[in-house]
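Trainee: Please take one part of this structure and go through it closely, with the cut-off behind each term.

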Amino acid sequence: MKYSKIIIVVTLLLFQWGTAQEKADVVVNKAITEAKAGKKNVLLIFHASWCKWCKMMEKNMDLPETKPIFDKRFVTAYIDVQERGDKKSLENPGGQELMNKYNGENAGLPFWLILNPKGEVLADSFDAKGENLGSPATPEEVATFISKIEKSSKLNKEEAQTIEKVFVKK
């Protein structure tokens, strides 16, 4: 009986260890390494499982017409933050601290950054008023989003129009 309790505890600990999320800095470092190798920038997105805007942004970026545009220019990396209850284990340790470092503590989700292969911030999800664009949806938000992508990559006019068509919600 005593050994079966020990086995159960060890099994639970191993299961918990095996499902733990990567630390945020590990996620970022892997993305930066891949970006250097591919001569791309990193699109770092802070998100949560409960966030409908996060899901919308991810969906818009993964559509057949937009995915090649983002994949050509960016290594996209996701950091889970601000989870609740039984989903807390989905968080990347150190993720919220990293988000806070870039002034995202009160920004809402999704919050994103564009980093060069040296890890330097080229753009963030704040508009000119200091508000988080999150998942851009209005024509103004999408125009700001496209402008930030253009400044950090070689987006052409056709690609910008494709992103605009997908992201602007009618």
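Mentor: Cys51 is buried and Cys54 is buried too, where buried means under 20% relative accessible area, exposed over 50% and partly exposed in between, with a 1.4 Å probe and protein chains only. This is a predicted model, in which local features need pLDDT of at least 70 and side-chain atom pairs count only at pLDDT 80 or more, while totals for chains, interfaces and linings use all residues. Residues are numbered from 1 along each chain as its sequence is written, and side-chain values use heavy atoms, with hydrogens and water left out.

The two cysteines are joined by a disulfide with an S to S distance of 2.5 Å, the term standing for a pair of cysteine sulfur atoms within 2.5 Å. The structure holds one disulfide, and the link of Cys51 and Cys54 is right-handed, with 80 degrees about the S-S bond.

From here, consider strand 3, residues 111-115; helices (H or I, at least four residues) and strands (E, at least two) are DSSP runs, numbered from the N terminus. Five of the five residues of strand 3 are buried, so the strand is largely enclosed by the rest of the structure. In a regular strand the side chains alternate between the two faces of the sheet. Both faces of strand 3 are covered, with Phe111, Leu113 and Leu115 buried on one side and Trp112 and Ile114 buried on the other.

Strand 3 runs antiparallel to strand 1, to which five bridges join it; two strands pair if DSSP finds at least two bridges between them. Among these contacts, Ile45 has Trp112 as its bridge partner. Strand 3 is also antiparallel to strand 4 (residues 121-124), through three bridges, and Leu113 stands opposite Asp124 there. Five residues lie between strands 3 and 4 in their hairpin, where Gly119 takes a positive phi near 90 degrees.

Aromatic rings come next, and a search of the whole structure finds seven aromatic pairs. Rings of Phe, Tyr and Trp (its six-membered ring) pair if their centres lie within 6.5 Å, planes under 30 degrees apart counting as stacked, over 60 as edge-to-face and the rest as tilted. Phe46 and Phe111 form a tilted pair, 5.8 Å centre to centre with 40 degrees between the planes. This pair links distant parts of the chain, Phe46 in strand 1 and Phe111 in strand 3 being 65 residues apart. Phe46 counts as buried because its relative accessibility is 0%, and Phe111 counts as buried because its relative accessibility is 0%. Trp112 belongs to a cluster that ring pairs form with Phe70, Phe74, Phe145 and Phe167.
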